[in-house]
Amino acid sequence: MKARIFRASRRDLLKGTAALSLAGAFPLPAIAQGAPLKVGFMLPYTGTFAKLGKFIDDGFRLAVEQKGGKLGGRAVEYVQVDDESEPAKATDNMNRLVGRDKVDVVVGTVHSGVAMAMAKVAKDNNSFLVVPNAGANDVTRTMCAPHIWRTSFTNWQPCFPMGKVMYDAGHRNIMTITWRYAAGLEDVEAVKESFTKLGGKIVEELYLPFPQVEFQALLTQIAQKKPDAVFAFFAGGGAVKFVKDYAAAGLKTSIPLYGPGFLTDGTLPAQGPDAESIKTTLHYADALDNPANKAFLAGFKQKTGQDGDVYAVQGFDAGQLLEIGLSAVQGDIAARDKMFAAMQAAKINSPRGPISFSKAHNVVQNIYLREAKGGLNRYVSVAHEALADPALGCRAAA
Ligand code: PHB
């Protein structure tokens with residue numbers, strides 16, 4: 001027998017619930033009690049990506065502070081989990097935030113492998129997830145969902161334009177080097193796609209396990225093979241050590257180094273002259289000349305005493321996107337259809353330039369060619385304007 005469907009308006013339900021609650025029979029929903037919105041940060045606060053996690057956290061809080069400590073008019077409360085960039089712990093960490101801490105939205109994470117596990121949990125229990133860094137392509141491809149959003153990039157996005165940049169610089173035979181995990185593999189795949197289509201060749205792909213930084217043996221292989229150039233993806237502490245080791249091995253002057261901008265973003269003070277003149281592609285550049293970037297960098301400096309970077313921008317934009325969604329529903333995060341529709345229509349003047357969101361809920365954005373000069377990742381040109389991920393396998397985007 002078919003169950004009878006009872007439909008009541010939200011207001012009826014709230015009224016009904018309030019009456020019951022006054023009678024002491026039923027608790028009021030959080031929003032009706034004026035309860036704070038619970039944001040769960042699942043980020044790396046230790047390990048090679050620790051600074052990235054902290055900057056995302058700070059960037060998000062900055063956006064909220066600029067709204068008087070509120071999102072959609074509701075005070076915000078934070079719960080933090082250090083995910084340690086450890087995929088094996090990701091499912092438990094995510095379940096704890098959603099199940100035990102009962103957060104309204106999870107904001108995380110940096111590492112693609114951890115993000116894939118988070119997206120799986122989010123899909124299984126219909127929890128609201130905003131990814132502020134991890135580029136795992138499938139999060140907004142095969143796993144795309146109404147309640148899964150990303151304010152950063154797919155791994156494909158910053159790397160695909162690099163194939164043409166390297167080819168146009170005259171390189172024909174290149175080597176790649178990265179960590180063997182989703183982000184490294186997808187980055188190499190993306191540069192390979194554009195570089196080989198133009199007629200270039202990847203002569204060898206070198207890998208080491210994440211988050212190892214024993215580069216010496218691999219650098220020796222590069223020196224022996226003498227490719228025209230090298231494409232590398234590392235980030236955080238690993239990127240600092242790689243760029244320094246590359247220079248120390250004497251390769252900097254003989255074999256030009258390229259990569260997605262993570263290789264030099266937020267890391268230049270620690271890399272010093274060893275990073276000078278490295279060209280990278282990314283959806284951000286330090287001194288981008290737009291009012292949103294100037295205001296963001298000033299605000300971030302004032303809040304943290306530090307210079308903002310791409311990770312801080314992605315955290316800031318996660319806060320901005322949630323503010324757009326939540327203000328459309330006056331903070332009622334349960335009114336999902338209306339909230340997600342407002343997020344889908346969002347056009348944000350991000351510090352990185354204008355952004356919008358694809359049907360797969362990934363960012364549509366400019367990818368810039370940058371060059372490290374005097375401690376800044378300086379804008380060189382637009383490598384690809386308003387680049388959208390192909391979102392293969394996402395039905396909503398088909
Ligand atoms: C990733 O694992 O997706 C990742 C990590 C650090 C980055 C970029 C991507 O800087």
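For the residue classes used on this tour, Ala, Val, Leu, Ile, Met, Phe, Trp, Tyr, Cys and Pro count as nonpolar, Asp, Glu, Lys and Arg as charged, and the others, Gly among them, as polar. The model is predicted, so that local features need pLDDT of at least 70 and side-chain atom pairs count only at pLDDT 80 or more, while totals for chains, interfaces and linings use all residues. Residues are numbered from 1 along each chain as its sequence is written, and side-chain values use heavy atoms, with hydrogens and water left out.

Select Asp286, Asp307, Gly308, Gly375 and Leu376, the closest to its centre of the 20 lining residues. By class, this lining comprises seven nonpolar, seven polar and six charged residues.

Next, select the ligand, and with it Val110, Ser112, Gly135, Tyr181 and Tyr311, which come nearest of the 16 residues around it (a residue is near if one of its heavy atoms lies within 4 Å). The shell around the ligand has eleven nonpolar, five polar and no charged residues.

Then show the distances to oxygen atoms of the ligand: a polar side-chain atom of Ser112 lies 2.6 Å from one such atom, a polar side-chain atom of Tyr311 lies 2.7 Å from an oxygen atom, and a backbone N or O atom of Gly135 lies 2.9 Å from an oxygen atom.

Note on methods. A polar contact is a pair of N or O atoms within 3.5 Å; within protein, one must be able to donate a hydrogen and the other to accept it, and residues adjacent in sequence count only if both atoms are side-chain atoms. On a 1 Å grid over the protein atoms alone, a cavity is a set of points where a 1.4 Å probe fits but cannot get out, and a pocket is an open set with protein on both sides within 12 Å along at least five of seven lines; lining residues have an atom within 4 Å of a point.
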